[in-house]
Amino acid sequence: MPTLHRSIRIFGLVFFLSTLGATAAVALLDYLIDPYAIFGVRTVDGINAIKPRPDAMLTDIKAIVGTRFHPSALILGNSRAEVGFDPLHRAFATRSLRAFNAAVPGSDMDYTLASFRRLMPTNEVAVVGVDFLDFLYSPPEAGSSSPVFRDSIATRALALFSTTALLDSLRTLAIQRERHPASLRSDGFNPLLDYRDLVANDGYAMLFRQRAFESARSLARQPHELYAGGAGTSPALSDLRALLQAAAANRTQMHLVIYPYHLLYLLQLDDAGLWPLFEQWKRDLTESAASARSQGARVTVWDFGCAHRLTAEPIPDEGDRKTEMRWYWEAGHFKKELGDLVLDRAFGEALPAEAIDFGIDLVPATVETRIAECRVSLAAMRQRFPALAHEASRLASSPSGAKAVSSP
Amino acid sequence: MLFNSFGFLFVFLPITLLGFFWLGRRSAWLAAAFLTLASIAFYGWWNWHFVWLLLASIIFNYVMGLVIASMTGRTRRYSFAVAVAADLLLLGYYKYANLAATSLDTVAGTQYGPLDIVLPLGISFFTFTQIAYLADVFQHKAREPRFVHYALFVSYFPHLIAGPILHHKEMMPQFQAPRTYRPQPNSVLLGAIIFTLGLAKKVLIADNLAPYANAVFAAPDHPTMLVAWGGVLAYAFQIYFDFSGYSDMAIGLSRLFGIRLPLNFNSPYKSRNIIEFWRRWHMTLSRFLRDYLYFPLGGNRHGEPRRYLNLMITMLLGGLWHGAGWNFAIWGGLHGLYLAANHVWRRWFGEGVARTRIGALASVALTFIAVNVAWVFFRAPSVEVGRDVLGGMFGEFGVALPAAVFAHIEPLRHALESLGVTSLLGGGRQFAMTYVWVALAGAIAFAAPNTQQITRRFRPALASAGIASVRTLRLRLNWRWATGLGLLACASLLSLSRPTEFLYFQF
């Protein structure tokens, strides 16, 4: 019996120490590799200089990294802003602005407001991408609200003691020599390099089709309502107004940007019966901005959500893996090159001839004209690109049935 | 409070364990009372408002147990009937009133539903435990005069929320034994090992399968065959690793206190027929249904047709025990049919087929497929969704592979297309990861020994001696096992960042 007890004790001790030792080793590795750049550990080329794009905790990671970055210019919005608006754009540099891209995929106005408030103190300029779908109103589900940010101590603890962090540390080591890693820059920008491999393997047509299919399913589920109970407001609009107030209080120059959706997506919006609400939403944004300006806010609404020769960029044929697209990854996400033109327009930089009429600032005096023009241009583009129009219409009429297709 | 949470592991459990053994050195009664209070606090952590319900149920059944034991003849029978009826009414109110109201609304056009009733955690488990106790008292098989022991028997936190469903006669002797109140190093170590294995099953396997099952059942939308099977297989393994992981954790936690719980799982997917499946799956529920429903209905004592009817009734009620909904009734009904068919087959053909190697493999495969078909309705949020997924499994919406997968098997493209396999937009990574996780979980479920087999020589649970031994992966007290388990514990702890509920908490 004493032998059994001794062997049990030794076994228990080794069991306990190996649990403790392995956990400590993981924490040390996570700290040294610092995959999320939240500990400020020195980076070493070939080891941890390139950081992977996190699949989890991105909101919390960007909050911590953004705070340490001390940005004087802030980019906010969802994935379109994260991959499209580059903090290294010349407009920031020439104004000696230190820009940070705090945009997070899937985020809404709630996050945008919270993130602005958190990173606001040193903020002079903010570029805020606004997405129409975030403003469609559906009654909140019970228990659906959750804090936007996790406690920063908890985030740091998870960055040391979690399977996710361990896998991301290993991923950091693995991606250093990759040609197109799925990475996140230290200024928060997502260069979406991994899409280059996707395009090389599948071609743009596949990406466009897949995104269009997902958009069709999403649009089919959207509520056809902008306001809560016809009250003329909604949580998203309230958040927007609070954001404008916060910007005014901080004397921040704010650019609200309606994203430059590809023509295919605009046609899908129209075919889903959402175009009138899209127009009304533009009026609401214009009115909210005008109201904020009258109270001292420095805010401009930029409308790029209109059919235009840039947004109607032709999609390469099915199976074509060579032709490069200049402006878009797929209908939902524009490339940094188009984002650069958007920022050029917003900051009054010189634009190339092809973009001279790209985007307009919405003000109450011109909003109706702009809305009418967009309606006309959409109809014209529908005629000019019948294949796209047919695809959008087919997806709208059968958003789920169109998922399985014959191979090309 | 969840077993797989930091609060439980690093606050509740150490305090309860140390308090129990510290008091146990002074008084067994004090230690039992402390463990009872700790168990009630454990329950109240979820929602204090329902503590009164648990306490009221314990006090009522304890008193009724005393009353029934002191009565004779017709009064005894009436007392028993009243007590069971009250238990069933309580369960019925919380669990089935909403279904009754909404069904009435549908049929009669009334507007009673939906009712705003929150299902108290574990009510099905603590109600069944106590009905079984009352039945045993009624049949002169049990009697418990010590309130603290009775309250501990019902509220004992390792089993309170989701079982195993305990039997009075297997727990009371352990509560009475003085050695229970002294720490046993081998019990503590074995408990920690079993808990680690259970935790790993839950957080490393079940939780990683969940997104792939959820994706199909949340919005099935006419799934194609491989997508539907992927989701259903993911769920089949998720629920097994989730629930058996929970049961292992319960058994392990209880062993820390020196108390053995009954086995609840014994590699059910290795079963060669559905009768065997129910002897290996949720074993304590099967035992309860057999002893307190199937046998009282007559079992097989009144001929074959009556036996099948009794099986069907038992399984239908077993299905409805899991939840108030037609999908649970269909799940139970399917298992009732399977069991009846299995008995008919046995009667006509015996078990010769399953004795050959190929026959055994085919039997396991057929049983597994049948179980999966039933899981569809168990998991689906509605009968319509279940019907959609089932249609997908049997090819109603075609067979398709994600385009990205097609691109990687270019040489097979023509052959697959000639068979009618089409290309699916998107979901390539999801599709691939679903089958990677299903393959991994399947390999463990079918080829690896279970927790009880691994720890068999240390008698991990009640009746574990009956578990078949294995040649590989038998626990040995050497440094390799200690280190391996330490690494497994570390991996599990690192996965606790987002604790998820156990599937059986909803029942």
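Predicted model: local features only at pLDDT ≥ 70, side-chain atom pairs only at ≥ 80, totals over all residues.
A few conventions first. Residues are numbered from 1 along each chain as its sequence is written, and chains are lettered from A and ligands numbered from 1 in the order in which they are written. Local features need pLDDT of at least 70, side-chain atom pairs count only at pLDDT 80 or more, totals for chains, interfaces and linings use all residues, and side-chain values use heavy atoms, with hydrogens and water left out.

**The sheet in chain A**

Helices (H or I, at least four residues) and strands (E, at least two) are DSSP runs numbered from the N terminus. Strands E1 (residues 73-76) and E3 (residues 125-130) of chain A run parallel and share four bridges; two strands pair if DSSP finds at least two bridges between them. They belong to an open sheet of six strands with mixed pairing, ordered E2-E1-E3-E4-E5-E8 in chain A. At its edges are E2 (99-101) and E8 (360-362) of chain A, each of which pairs on one side only.

Lys62(A) sits in helix H2 (residues 58-69) of chain A and Glu82(A) in helix H3 (residues 79-84) of chain A, so the pair ties together parts that are 20 residues apart in sequence.

Contact here means heavy atoms within 4.5 Å. Buried area is the accessible area (1.4 Å probe) that two parts lose on being put together, summed over both. A polar contact is a pair of N or O atoms within 3.5 Å; within protein, one must be able to donate a hydrogen and the other to accept it, and residues adjacent in sequence count only if both atoms are side-chain atoms.

| Feature of the B and A interface | Value |
|---|---|
| Residues in contact | 40 residues from chain B, 29 residues from chain A |
| Buried area | about 2800 Å², 69% of it on carbon and sulfur atoms |
| Salt bridges | zero |
| Polar contacts | four residue pairs, both at pLDDT 80 or more |

Key. Salt bridge = Lys/Arg side-chain N within 4 Å of Asp/Glu carboxyl O.
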